[in-house]
Amino acid sequence: MTNPASIADTNDSTINYDDNLNKTLDDDLNYATLTDALEQTVFENFDDGLYIGMMSGTSLDGMDAVLCQFSSDSSAETDTQQPMRLLATHSQEFPLRLREVLLALCQPNGVQELVPAEGEPNSELDWFGWASKEYAEFASEVVNNLLQQSNTDVESVLAIGCHGQTVRHRPQLGFSLQLVDANIIAERTGISVVSDFRRRDMAVGGQGAPLVPAFHQALFATPDSTRVLLNLGGIANITVLPANDSPAIGYDTGPANLLLDAWTALHTDKDYDAGGTWAQSGQVIEPLLNQLIEHPFFARTYPKSTGREDFNLAWLQDELQKFDQASAHIRYSSADVQATLTELTAMSASMQINMFINAHEDSSVYVCGGGALNDYLMTRLQAHLPHCTVETTASLGLNPAWVEAVAFAWLARQTLIGETGNLPAVTGASKGVVLGQVCFA
């Protein structure tokens, strides 16, 4: 990472903050001149370099990291210059104890179920601090592995965009907490880190989510057709990119892998339902599906966002208990519940997408996130979306597994070049703002 106190200008000379700020008027360099020079050199240098993006989603199945490069105009693709080049990728599973603690922190008072080992915390706030440090140490390891495997010099990477782990998202209360210590990552990697992306949007009245639609719009929008990007992570969210250059629309549609993975882990020896084969072996329980879709979130108008606070295993088990009490005559298996949860994801997302799809125009749905690998879920989505094609973002040139990590590399770039990273029409913010805080290496 270029030292911010010594940044080369376009003439290969060097402007040094300390030296120049101490110069006298006899040097013919005043503060305004220095500011102009810094704006030219800093933003030009930060515009086209390499960026690392990192993401660990609601499902907590691992941490993804990507190394990528963006063109000066990422909204325009030419025959010789792509808007984004994905240079390297890396993913690692969380250390078991860290994942256990993160899952506990995601639930109010969840750490009460943890049994502290010697030297470990014994209160929620202490666990938060412990996990922030451990998460950052792990993220640093992931970055360094990415750099080593791709044979990339630290000095060539301008910044890391690290989202951190959301442990509480309460837009109705005006806050969202992402757990990470960017200082540790900057020290362990030698690269500046952009983090804390959501709270600036919330400071201007937004929900702080979803943020990825701005990236979708920059890279995937086209005037020729309406495109819908459907991200199937722990939570499902959509980005609608209209063909008529109207503003993008985006919001969360409901649960996805969060419930599917939790139910699978509870009833099998696997962490997720690979390909959706287990769900496909069951039968959808229609009365249960009708009960689940009555959750108040589904009826809310956008902009809206959700998370583990609304949808979690405890909520599902409570709903099943209510269902059993009301429908004692219905017999079902755990595979039937998995089929029903898969249908809930497909139906809740499709209901929203169909609101923006015109049966007489060219429209496509592009799926990304871990759910894109769930063949049964993809089949159910297509069944609910008969007027458009459903495929993965691989058709747009970006592997669905890496879209969100690339998005946070892009958001880090937006921060460093001083450009807005939110879409007010999506988050409900009163204006576009530059997102994130920078921890210089």
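This passage walks through the predicted model, from the whole chain down to single residues.

Because the model is predicted, local features are taken only where pLDDT is at least 70 and side-chain atom pairs only at pLDDT 80 or more, while totals for chains, interfaces and linings use all residues. Residues are numbered from 1 along each chain as its sequence is written, and side-chain values use heavy atoms, with hydrogens and water left out.

The protein chain holds 16 helices and 15 strands; these are DSSP runs numbered from the N terminus, with helices being H or I over at least four residues and strands being E over at least two. Of its 441 residues, 54% are buried. Here buried stands for under 20% relative accessible area, exposed for over 50%, and partly exposed for what lies in between, using a 1.4 Å probe and protein chains only. Among contacts (heavy atoms within 4.5 Å) with a separation of 6 or more, 67% link residues 24 or more positions apart.

Helix α4 covers residues 124–150, which is 27 residues. From first C-alpha to last, α4 reaches 38 Å, close to the 39 Å expected at 1.5 Å a residue; the expected span is 1.5 Å times one less than the number of residues. The buried residues of α4 include Trp-127, Tyr-135, Phe-138 and Leu-147. Asn-151 is not a glycine, yet its phi is positive at about 55°. Asn-151 is also exposed, with a relative accessible area of 71%. Asp-196 has a positive phi too, near 55°, and sits in the loop between β9 (193–195) and α6. At 17% relative accessibility, though, Asp-196 counts as buried. Most residues other than glycine have a negative phi, and most peptide bonds are trans.

On the peptide-bond side, a cis bond joins Ala-209 and Pro-210, with omega about -15°. Pro-210 lies in the loop between α6 (199–203) and α7. Another cis bond runs from Tyr-302 to Pro-303, with omega near 5°, and Pro-303 belongs to the loop between α11 and α12.

Ser-305 is buried at a relative accessible area of 5%. Its side chain makes polar contacts with the side chains of His-169, at 2.9 Å, and Gln-207, at 2.7 Å. A polar contact is a pair of N or O atoms within 3.5 Å; within protein, one must be able to donate a hydrogen and the other to accept it, and residues adjacent in sequence count only if both atoms are side-chain atoms. Setting aside residues up to four places away in sequence, Ser-305 touches residues including Ala-209, Asp-252 and Phe-297.

Gln-178, in strand β8 (residues 175–179), is buried as well, at 14% relative accessible area. The side chain of Gln-178 has polar contacts of 2.9 Å with the side chains of Thr-166 and Ser-176.

The axes of α7 (residues 212–220) and α15 (residues 403–416) come within 9 Å and cross at roughly 90°, so α7 is roughly perpendicular to α15. Axes are lines fitted to C-alpha atoms, for helices over the stretch in contact, and angles run from 0 to 180 degrees between N-to-C directions. Angles under 35 degrees count as roughly parallel, over 145 as roughly antiparallel, 65 to 115 as roughly perpendicular and the rest as oblique. Among the residues in this contact are Phe-215 and Leu-219 of α7 and Phe-408 and Trp-410 of α15. By class, the contact of α7 with α15 has 10 nonpolar, one polar and one charged residues; Ala, Val, Leu, Ile, Met, Phe, Trp, Tyr, Cys and Pro count as nonpolar, Asp, Glu, Lys and Arg as charged, and the others, Gly among them, as polar.

Phe-408 of α15 is buried, with a relative accessible area of 0%. Phe-408 and Gly-161 are 247 residues apart in sequence but 5.2 Å apart in space, C-alpha to C-alpha.

The axes of α8 (residues 257–267) and α12 come within 10 Å and cross at roughly 75°, which means α8 is roughly perpendicular to α12. Trp-263 of α8 and Trp-315 of α12 are among the residues making this contact, which has eight nonpolar, one polar and no charged residues.
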